[in-house]
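Colleague: I'd like to learn how to read a model like this one. Could you walk me through it?

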Amino acid sequence: MKRIILTGGGTAGHVTPNIALIPRLKEEGFDIHYIGSYNGIEKKLIEDMRIPYHGISSGKLRRYFDVRNFSDPFRVIKGCGEASRLVKSLKPDVVFSKGGFVSVPVVLAAKKHRVPAIIHESDMSPGLANKLCIPSAVKICCNFPEAMEHLPKDKAVLTGTPIRQELFQGDPLEAIRFTGLSANKPTILVVGGSTGSVKVNEAVRGCLDELLKTYQIIHLCGKDKVDPAFENRSGYVQYEYIKKELSSLLAFADIVISRAGANAICELQALAKPNVLIPLGSSASRGDQLLNAESFQKQGFSHVLLEENLTNATLLEAVREVYDHRSDYRKTMEASRMSNSIDIIMDLIRDAAK
């Protein structure tokens, strides 16, 4: 039996592609272990799948002043020691990393112990964590053709993003039962990422009365961001985070309002779900969501509304435009040739594990 260590965490986007690979890895007889942070979002998601989970100390580099910037380097050093001991003890045949700062010590430990590591970069250009991992990786999977320009030619492989197969099995009737909404009114699903988005939440709630005249809304607003003032509004339901029922909510929704994280938008494309993208601005990130959204808009998959232009009026206009042309968006996404990411990545994993 071959053993693989999966790693990645910090946000759901650094976990869900790993989750998409797990069923195939199990089918092919891999013994799967996961290394993540002590208490990150990845811990519960992976433990729910009954995969052995190993927590290590983790830190990150923030692009703004934070007192944790002084203590996090020591957490990273501790995490490197823990990751090295785990890799030495578990003796994996291969490591697969989806990124996030918790993955850096694991990939470095893999190189130290001569274990081949494959990393996956979802965005148009690699983030800092993956930049640190690239010299230690044997292959680098990427999502966008444009990303190949930023990666070593002898390592880069265009794979796309693994999509969780359960997303294709959603049941609109189950969504109606779960939410209590109507089957006879257009539905908007709002997704602000696993931790939610204050700006997107405020924009949706700011024009809620106007939206509810035409649509009903399922709002996934993020941890601790449910607003009691909007409870019991007819046609509006809000949740912190949805896991099990997400596929049915997506199947039920006519259009989606979303941030522009690479994994999230690739899932929307795979499902051919018309969408309004509100990318995280460059002032709060390295600008990867802006590039992702620009690529999707150019390909005709999405309507992009920049955060600096986000008002009640512009959001209403964007929603109307996407809803009125939803069949065009669907046809464009359906016509786009998608590679079978899971098959390609599994080939890389098998080759590395030899």
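This is a predicted model: local features need pLDDT of at least 70, side-chain atom pairs count only at pLDDT 80 or more; totals for chains, interfaces and linings use all residues.

Colleague: How far is the sulfur of C221 from the closest cysteine sulfur?

Modeller: The general idea first: a disulfide is a covalent bond between the sulfur atoms of two cysteines. Here the closest cysteine sulfur to that of C221 belongs to C207, and at 15 Å it is too far for a bond.

Colleague: And what about C133, buried or exposed?

Modeller: C133 is buried, also with a value of 0%. Its closest cysteine sulfur sits in C80, 9.9 Å away, which is too far for a bond.

Colleague: Which residues touch N201, leaving aside its neighbours within four places in sequence?

Modeller: C221 turns up again there, together with H219 and K225. N201 itself belongs to helix α7, residues 198–206, and it is buried, with a relative accessible area of 3%.

Colleague: Which residue forms a salt bridge with R350 at 2.2 Å?

Modeller: That's D347, with 2.2 Å between the closest N and O atoms. The general idea here is that an α-helix has 3.6 residues a turn, so residues three or four places apart point the same way. D347 and R350 are 3 residues apart in helix α14, which puts about one helical turn between them. D347 is partly exposed too, with a relative accessible area of 38%.

Colleague: Where does K354 come in, and what is its salt-bridge partner?

Modeller: K354 meets D351 through their side chains, at 3.8 Å from N to O. K354 is exposed, with a relative accessible area of 78%. There is also a network: salt bridges that share partners join R24, E27 and D343.

Colleague: How do I describe the way α1 and α14 pack?

Modeller: Two packed helices are described by the angle between their axes and the distance between the axes. For α1 and α14, the axes come within 11 Å and cross at roughly 60°. The two helices are therefore oblique to each other, and their crossing is right-handed.

Colleague: Which residues meet at that crossing?

Modeller: From α1 you have A20, L21, R24 and L25, and they meet I342, D343, I345, M346 and I349 of α14.

Colleague: What else do the buried residues of α1 pack against?

Modeller: Besides α14, they pack against β1 (3–7), β2, α2 (41–47), β4 (94–97) and α10 (262–270). The buried residues of α1 are T16, P17, N18, I19, A20, L21, I22 and L25. After the helix comes G29, with a positive phi near 85°.

Colleague: You listed α10 there. How many of its residues are buried?

Modeller: 7 of 9, so α10 is largely enclosed by the rest of the structure. The buried ones are A262, N263, I265, C266, E267, L268 and Q269. They pack against α1, α9 (246–252), β11 (255–258), β12 (275–277), α11 (288–298) and α13 (326–335). Just after α10, A272 has a positive phi of about 55°.

Colleague: Last one: where is K153 found?

Modeller: K153 is in the loop between β6 (139–142) and β7 (156–158), and it counts as exposed at 76% relative accessibility.

Definitions and conventions:
Residues are numbered from 1 along each chain as its sequence is written. Side-chain values use heavy atoms; hydrogens and water are left out. Helices (H or I, at least four residues) and strands (E, at least two) are DSSP runs, numbered from the N terminus. Buried means under 20% relative accessible area, exposed over 50%, partly exposed in between (1.4 Å probe, protein chains only). Contact means heavy atoms within 4.5 Å. A salt bridge is a side-chain nitrogen of Lys or Arg within 4 Å of a carboxyl oxygen of Asp or Glu. A disulfide is a pair of cysteine sulfur atoms within 2.5 Å. Axes are lines fitted to C-alpha atoms, for helices over the stretch in contact, and angles run from 0 to 180 degrees between N-to-C directions. Angles under 35 degrees count as roughly parallel, over 145 as roughly antiparallel, 65 to 115 as roughly perpendicular and the rest as oblique. A crossing is left-handed if the near helix is turned anticlockwise from the far one by less than a right angle, and right-handed if clockwise.
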